[in-house]
Amino acid sequence: MTRAAPTTSEPQRELVGTVPDRAHVALYTSSPDSRVATQVLVGLREFATRQGWTVVHKVYDLAPLDAPLWHRTGWQAVRHLLASGAATGLVVLDEREVARHTEDRDAGNRDVLRSWLLGLPAFAACECPRAERPRQALRPARAPQDPATRTAPPRPAGRRWQRSYALHPLSVRPIREAARAHLTLWSWPGDIVAAVDVLARLAYNAVVHARPAGEADARMRVRLTLGEHDTLLLEVGDPRPDFRNSAAAIAGVLGNGLREARLLGAEVSWLPAADGHGKFVRARLPATRLHP
């Protein structure tokens with residue numbers, strides 16, 4: 001392991017392993033606040049660019065530093081990239097982001113991490129703007145009054161994911177996990193926890209109210225779409241073409257599922273499926289975080 005000497009113009013950085021001539025790196029961070037995580041990734045990208053490295057992936061987990069690695073979907077994606085050779089390096093703000101939890105330390109995770117990287121081979125770079133700077137200081141400062149000086153993270157507009165699931169209560173959990181994983185991988189700057197909860201309510205509503213009697217193989221279609229300004233569209237399609245009492249259900253007069261989705265900040269609506277088979281119930285969420 002080598003450590004670069006600190007200077008006044010470059011932040012301290014610690015390197016584990018040997019950097020290849022043409023480094024392809026993955027950026028990773030973990031924070032319970034998506035706005036903080038997004039800002040950290042922007043800083044890591046700038047750091048990697050200054051080194052002349054090519055960024056092949058960037059991802060964050062909505063988790064505190066003491067969350068174990070096996071709980072983190074984003075970290076598992078980065079681990080796969082490094083193990084497969086798709087990325088030759090890892091850039092994190094602090095090594096503790098991948099070796100902090102008690103279980104990880106008890107397993108010697110830091111030493112295992114270093115040995116694992118060196119055995120691939122791959123390298124890790126930890127950029128620390130100030131060695132003693134508290135993590136709270138990374139929270140975004142107030143935006144300047146002049147809009148021209150504001151810096152916004154890149155917007156991954158136009159992305160879509162869709163999949164079919166059994167129209168059964170047991171499908172709700174994998175739907176939640178898949179949605180969380182994709183929104184994390186997309187670095188969506190909105191409230192991912194609220195979005196996943198909204199989607200789970202739409203899916204459960206479909207199971208309860210749209211499952212045809214006697215059709216054990218009935219399916220529902222789940223779609224996530226990112227539009228302009230990072231607006232997120234969550235859709236659940238079911239085989240039932242009608243939606244009786246839809247206005248009362250959306251208003252919360254009849255049932256609780258769609259009312260709870262609206263309380264989480266979603267704009268709820270429905271429309272017939274384009275192929276004429278069934279309908280889609282949709283929820284639109286802005287990228288602004290509604291529940292800090």
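This report walks through a helix pair, a sheet and some salt bridges in a predicted model.

Residues are numbered from 1 along each chain as its sequence is written, and side-chain values use heavy atoms, with hydrogens and water left out. Because the model is predicted, local features need pLDDT of at least 70 and side-chain atom pairs count only at pLDDT 80 or more, while totals for chains, interfaces and linings use all residues.

**The helix pair**

Let's start with helix α5 (residues 172–185) and helix α6 (residues 192–210), whose axes come within 9 Å and cross at roughly 145°. Helices (H or I, at least four residues) and strands (E, at least two) are DSSP runs, numbered from the N terminus. Axes are lines fitted to C-alpha atoms, for helices over the stretch in contact, and angles run from 0 to 180 degrees between N-to-C directions. Residues of α5 including Ile175, Ala179 and Leu183 meet residues of α6, among them Val196, Leu199 and Ala203; contact means heavy atoms within 4.5 Å. By class, this contact of α5 with α6 has 12 nonpolar, 1 polar and 3 charged residues. Here Ala, Val, Leu, Ile, Met, Phe, Trp, Tyr, Cys and Pro count as nonpolar, Asp, Glu, Lys and Arg as charged, and the others, Gly among them, as polar.

**The sheet**

Next comes an open sheet of 5 antiparallel strands in the order β7-β8-β9-β11-β10. Two strands pair if DSSP finds at least two bridges between them. The edge strands, each pairing on one side only, are β7 (160–166) and β10 (267–272). Strand β9 (residues 232–238) and strand β11 (residues 279–285) pair over 7 bridges. Helix α6 packs on the sheet and touches β8 (219–226), β9 and β11.

**Salt bridges**

The whole structure holds 8 salt bridges, each a side-chain nitrogen of Lys or Arg within 4 Å of a carboxyl oxygen of Asp or Glu.

Arg173 and Glu177 both lie in α5, 4 residues apart. Arg173 is exposed at 61% relative accessible area, and Glu177 is partly exposed at 46%. Buried means under 20% relative accessible area, exposed over 50%, and partly exposed in between (1.4 Å probe, protein chains only).

Asp197 is buried at 19%, whereas Arg176 is partly exposed at 32%.

Lys279 is buried with a relative accessible area of 4%, and Asp238 is buried at 4% as well. Lys279 lies in β11 and Asp238 in β9, so the pair ties together parts 41 residues apart in sequence.
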